[in-house]
Amino acid sequence: MSNQNRLQVAPTVTQLAVIKLRLQGAVRGHALLKKKADALTLRHRAVLKAIVERKTTLGEIMREAHFSWTRARHAGGESVKHAVLDGVERAKVRVRASEENVAGVKIPKFFLRDTGAEQRRMELAGLGRGGARVREARGAFEKAMTLLSELASLQTAFVTLDEAIRTTNRRVNALENYVTPRLQNTVKYILGELDELEREEFFRLKKVQAKKKRDVEQAEREVAEIVADDEALRIASEELRAYDDVVRG
Amino acid sequence: MFNRKHGFSEAFVRGCHSKRLSKRDYEELGRCDSLEDVKTYLESISDYSDYLRNVQPPVKPEDIVACCKRRHVKEFNTCQHQASPPLSTFLEYLTYGHMIDNLMLALNGMLHGRSSEEILDKCSPIGLFDSLPSVVISGNVQELYRLVLVDTPLAKYLSGAVSAADLDELNVELIRNVLYKEYLQDFMKFCSTLDLRTNELMKNLLDLEADRHAIRITVNSFGTELSKSVRTTLYTNFGTMHPDGFVRLATCETVDEVKQVLVTYPGFHEVAAKDDAHDVDRGLRILELESCQRVLAEQFNLAAFYAFSKFQENELSNLMWLTECIAQRQKSSLGEGLICIDTHL
């Protein structure tokens, strides 16, 4: 079983050190990613809450704004519409995007910037009829626009965070359920193999020793034999010499 | 004498006028929940059916308003085609207001480089003058000035008030109001050449219009860069409040001050009692329509045509308000914009 779920490595001590290092890294990475996921989720919930809040007010405000424009048209007649349309030279507000960093995730953030475009033509739109209403409508739409830009930031933040949370969670799960156990199994495997090797070595050493002992014994025995042979030779020769002496003497 | 020349026109106008939407119609329309209902109702009760027939669902507020406008233009044109002097001249004077709007539209559009079709499309058909297309095509502000001077009845207003060089620098809204002022003054002068009764009635109506013009400019100029001296130049040289009322208006800085000025005039007493600035405007409109109503009660004068056109405008704005309210589901505000003067005596 553990055979399948492990890395294919040579079971050596160096590999063991490498794998152990990797395991350590994986565990630490897991802890960090978990923390990141938690932070992101927290932020995600806050954003969601803000979105809901904004959206409920937005409906009302947009309706108000549109209706105030209707009022302006009603007070000023058709001409006021064209006066307003043609009175615009440059957009008064522009949307600018910047980035915010939440736990390493870059979230785009939009905000309105007043371009300071001169509204000289607009200023007097509907002077004869309905000018006050036009200004009211402008105020209402400015309010609505601020809200819209906020909502836009929140929505993109929501989507980005959602994506980020999903990848982070995937990574956390991968580390937790795949990478770490695999590394652990590898370590176990290497340790097992190393133990096995050690045992084999021990056995071999023992064998060698036994053989050495046997060799020594045999040598000794041979030596003893030789010695015994020598002795016998000497004795025999002495006896021969004695025999010779007897014969000569 | 009057009947021989203008009797038919007057009868025609009165006939059209009796077909204006009445208070009851507005009540019924106010009960509608969708624009389809409004369309059905309008088709059932009035002459609108011819105009509404081609409107395809989904009905938009603009469609209904456009139908109403087409109807008014047709009524007016029929009237104008059969008019003989002095009625024809009188009716021409009525178109000058639209003409000024169209001219300003052309000027504004040209300053912004819009195409001529686009500009002509927006122009009100009542105030079209023959050279308007060529004016628009000329595409040059100086040329426009020259053409207007040569070809249109507005020449006398324009030459008196603005020079060619001012045209692209001066604010278009200012020009519009200067022209309108000149137009009112000229209309007044023209009316004094008409018969006694018309003159009398028209004097009342134009006085009111002049006051209204002044009051609106004053109220609408609060919070803008329009200086008080410029404001004074936009006031007419007649009106019930002329001259000291206008002098006092010129120095006003808040709506309350305007009201204080208004209180001193018996005609505007009621209007000044209103709280909201917008109510003042509404009050003035009601006042205007009421005097138009009184004018219509009389016969044998040209002022009836003026009153008639004012009622047309009112119906248009009422319908626009009504359809928008229904389309935006803001029916609670219905009463805020509708002005119903019961036209049927």
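Modeller: Start with one term: a residue is buried under 20% relative accessible area, exposed over 50%, and partly exposed in between. Lys228(B) has a relative accessible area of 33%, so Lys228(B) is partly exposed. Keep in mind that this is a predicted model.

Lys228(B) has a partner. Glu253(B) forms a salt bridge with Lys228(B), and their closest N and O atoms are 2.3 Å apart. The two sit 25 residues apart, so to speak in distant parts of the chain: Lys228(B) is in helix H13 (residues 228-234) of chain B, and Glu253(B) is in the loop between helix H14 (244-251) and helix H15 (255-263).

Some bridges share partners. Glu209(B), Arg212(B), Glu288(B), Lys310(B) and Glu313(B) are joined in this way into one network. Over all chains, the structure holds 28 salt bridges.

One of them crosses between chains. It runs from Arg73(A), in helix H1 (residues 13-87) of chain A, to Glu324(B), in helix H18 of chain B. The closest N and O atoms of Arg73(A) and Glu324(B) are 2.9 Å apart. Arg73(A) has a relative accessible area of 13%, so Arg73(A) is buried. Glu324(B), at 6%, counts as buried too.

Now look at another place where the chains meet. The axes of helix H3 (residues 131-248) of chain A and helix H12 (residues 196-221) of chain B come within 7 Å. They cross at roughly 25°, and H3(A) and H12(B) are therefore roughly parallel to each other. From H3(A), the contact uses Gly131(A), Ala132(A) and Arg135(A). From H12(B), it uses Val219(B), Asn220(B) and Ser221(B). By class, that gives two nonpolar, three polar and one charged residues.

Glu75(B) lies in helix H5 (residues 61-81) and is buried at 6% relative accessible area. Beyond its neighbours within four places in sequence, Glu75(B) is in contact with Phe12(B), Cys16(B), Arg20(B), Phe308(B) and Gln312(B).

Lys23(B) is in helix H2 (residues 23-30) of chain B and, at 40% relative accessibility, counts as partly exposed. Lys23(B) and Cys340(B) are 317 residues apart in sequence, yet their C-alpha atoms are 5.6 Å apart.

Phe300(B) lies in the loop between helix H17 (277-296) and helix H18 (303-327), and Arg329(B) lies in the loop between H18 and helix H19 (334-337). Most residues other than glycine have a negative phi. Phe300(B), however, has a positive phi of about 60°, and Arg329(B) has one of about 50°. Phe300(B) is partly exposed at 40%, whereas Arg329(B) is exposed at 65%.

Last, the rings. The whole structure has twelve aromatic pairs over all chains. In one of these, the rings of Tyr93(B) and Phe187(B) have centres 5.1 Å apart and planes at 5°, so the pair is stacked. Tyr93(B) is in helix H6 (residues 87-111) and Phe187(B) in helix H11 (residues 172-192) of chain B, so the pair ties together parts that are 94 residues apart in sequence. Both residues are buried. They belong to one aromatic cluster whose members include Phe90(B), Tyr157(B) and Tyr306(B).

Technical notes:
Residues numbered from 1 in each chain as written. Chains lettered and ligands numbered in written order. Predicted model: local features only at pLDDT ≥ 70, side-chain atom pairs only at ≥ 80, totals over all residues. Heavy atoms only, no water. Axes fitted to C-alpha atoms, helices over the stretch in contact; angles between N-to-C directions. Helix = DSSP H or I, 4+ residues; strand = E, 2+ residues; numbered from the N terminus. Parallel < 35°, antiparallel > 145°, perpendicular 65-115°, else oblique. Contact = heavy atoms within 4.5 Å. Nonpolar A, V, L, I, M, F, W, Y, C, P; charged D, E, K, R; others polar. Buried < 20%, exposed > 50% of the residue type's maximum accessible area, 1.4 Å probe, protein only. Phe/Tyr/Trp six-rings, centres within 6.5 Å; stacked < 30°, edge-to-face > 60°. Salt bridge = Lys/Arg side-chain N within 4 Å of Asp/Glu carboxyl O.
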